[in-house]
Amino acid sequence: MTSMTTHADELSSVDALAPIFKASGDPLRLEILRVLRRDTFGVLELSQLFDMRQSGMSHHLKVMHKAGLLEPQREGNAIFYRRPLNLESDKLTDQTIRQVFETVDRIPLPEHLRGKIEAIRNQRADQSQAFFARYAEKFREQQELIAAFELYAEPVADLIRNRATRHDWKTGLEIGPGEGAFLPVLAEICEHVVALDNSRDMLAKATRTCIDERLNNVDLIEGVTDNLLARGDDFDLVVANMVLHHVPSPADIFLDASALMKTGGCLVISDLCSHDQDWAKENCGDLWLGFEPEELTSWAADAGLVAGESLFIGLRNGFQVQVREFWKNPEPA
């Protein structure tokens, strides 16, 4: 009886694995898995990347989703696809899917595909910049349609001040400072602060904040993280408040922050949890409708960062804000 039961279990396992190998046994589908290593793309974007009709791409994505290789993510009226977030270590099918990912990730993306991905990111960035240029004078008003600044800024400030009592943070970076409302906190803790934003209009407002608050240890730089990487800058503390949902490739923020952080450095992020309020895209310039906590943890792990404390703040309008910290080579507990 035991032998028959074992044999039946083995057949069941094989039956479960077959769809995974069948769905991944196609060069195009393997290419799709490669481009989704860190990014999330919509059906139209994937069709653009691979020069094929939307109907054909939708068929491939449906097959891969059914096999567990992809999962859909609704962003307003559009469906985006990503790799599954929660793969269990003791489940054979999940182990197999993880092995497929690890194998295809060893193959570098071809130059023409990297160029197309960059073009899509630039399209997203242009959309975001256009919003901030249009609403620079009403930035705080637009943002507070979702969450008042104090609701997330104060918990972030408390977290940083608490950590600063045990760490000698001399240099700090804020990515996307907006009007500069959080810069006084960083200027109080760090000897030198860099504020980085790709919107000239928002930097002008942050400059005014620095003048009014007499923040003499803050440098404001127009650009993106690549500019700081090229300069060879490094920081003890990196902060991004409500920025991820505005950037073309959120996972890259973790990679770049890690590269810009000193050993033992800390990345603190506050951002929206995943939601379905599509109006935020048009009214607040959001590219993404928030993020699952597991997404941030996964992106951080890919960047060599270790998750620390997490805080979740529920808002009356149905939104939820997550405050997260991530460490680069943290000291042993």
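Colleague: Which residue stands opposite Asn 241 in E8?
Modeller: Keep in mind as we go that this model is predicted. E7 and E8 pair in the parallel sense, over six bridges. Opposite Asn 241, on the E8 side, stands Ser 270.

Colleague: Which residue in E7 does Glu 174 stand opposite?
Modeller: Here we look at the pairing of E7 with strand E4, residues 171-175. These two strands are parallel, with three bridges between them. In E7, the residue opposite Glu 174 is Val 239.

Colleague: Which helix joins E7 and E8 in a β-α-β unit, and what is the hand of that unit?
Modeller: E7 and E8 are parallel partners. The helix in their β-α-β unit is H12, residues 250-260. The hand of this unit is right-handed.

Colleague: How many of the residues of E7 are buried?
Modeller: A residue counts as buried when its relative accessible area is under 20%. E7 is mostly covered by that rule. The count of buried residues is seven of its seven.

Colleague: Which element gives the most residues to the largest nonpolar core?
Modeller: That core has 37 residues, and Ile 160, Trp 169 and Phe 182 are among those with the most contacts inside it. Elements that give two or more residues include helix H8 (149-164), helix H10 (200-213) and strand E7 (235-241). The biggest giver, with seven residues, is H8.

Colleague: Which tryptophan does Trp 169 touch, leaving out residues up to four places away in sequence?
Modeller: Trp 169 is among the residues with the most contacts inside the largest nonpolar core. Its partners include Ile 160, Ile 189, Leu 237 and Cys 266.

Colleague: What is the volume of the largest cavity?
Modeller: The structure holds two cavities of 30 Å³ or more. Among the residues lining the largest cavity are Arg 38, Asp 39, Trp 288 and Trp 299. The volume of the largest cavity is about 60 Å³.

Colleague: Which helix gives the most to the lining of the second largest pocket?
Modeller: This pocket has a volume of about 470 Å³, and 19 residues line it. Two helices give two or more residues to the lining, H5 (92-104) and H14 (293-302). With five residues, the one that gives the most is H14.

Colleague: In the open sheet of three strands, which are the edge strands?
Modeller: The order in this sheet is E1-E3-E2, with antiparallel pairing. E1 is joined to strand E3 (residues 78-82) by two bridges, and Phe 41 has Tyr 81 as its bridge partner in E3. An edge strand pairs on one side only, and here these are E1 (41-42) and E2 (71-75).

Conventions:
Residues are numbered from 1 along each chain as its sequence is written. This is a predicted model: local features need pLDDT of at least 70, side-chain atom pairs count only at pLDDT 80 or more; totals for chains, interfaces and linings use all residues. Side-chain values use heavy atoms; hydrogens and water are left out. A nonpolar core is a set of buried Ala, Val, Leu, Ile, Met, Phe, Trp, Tyr and Cys residues joined through side-chain atoms within 4.5 Å. Buried means under 20% relative accessible area, exposed over 50%, partly exposed in between (1.4 Å probe, protein chains only). Helices (H or I, at least four residues) and strands (E, at least two) are DSSP runs, numbered from the N terminus. Contact means heavy atoms within 4.5 Å. Two strands pair if DSSP finds at least two bridges between them. A crossover is right-handed if, with the strands pointing away from the viewer, the path from the first strand over the helix to the second runs clockwise. On a 1 Å grid over the protein atoms alone, a cavity is a set of points where a 1.4 Å probe fits but cannot get out, and a pocket is an open set with protein on both sides within 12 Å along at least five of seven lines; lining residues have an atom within 4 Å of a point. Grid points are joined across faces, edges and corners, and a volume is the space filled by probe spheres set on the points.
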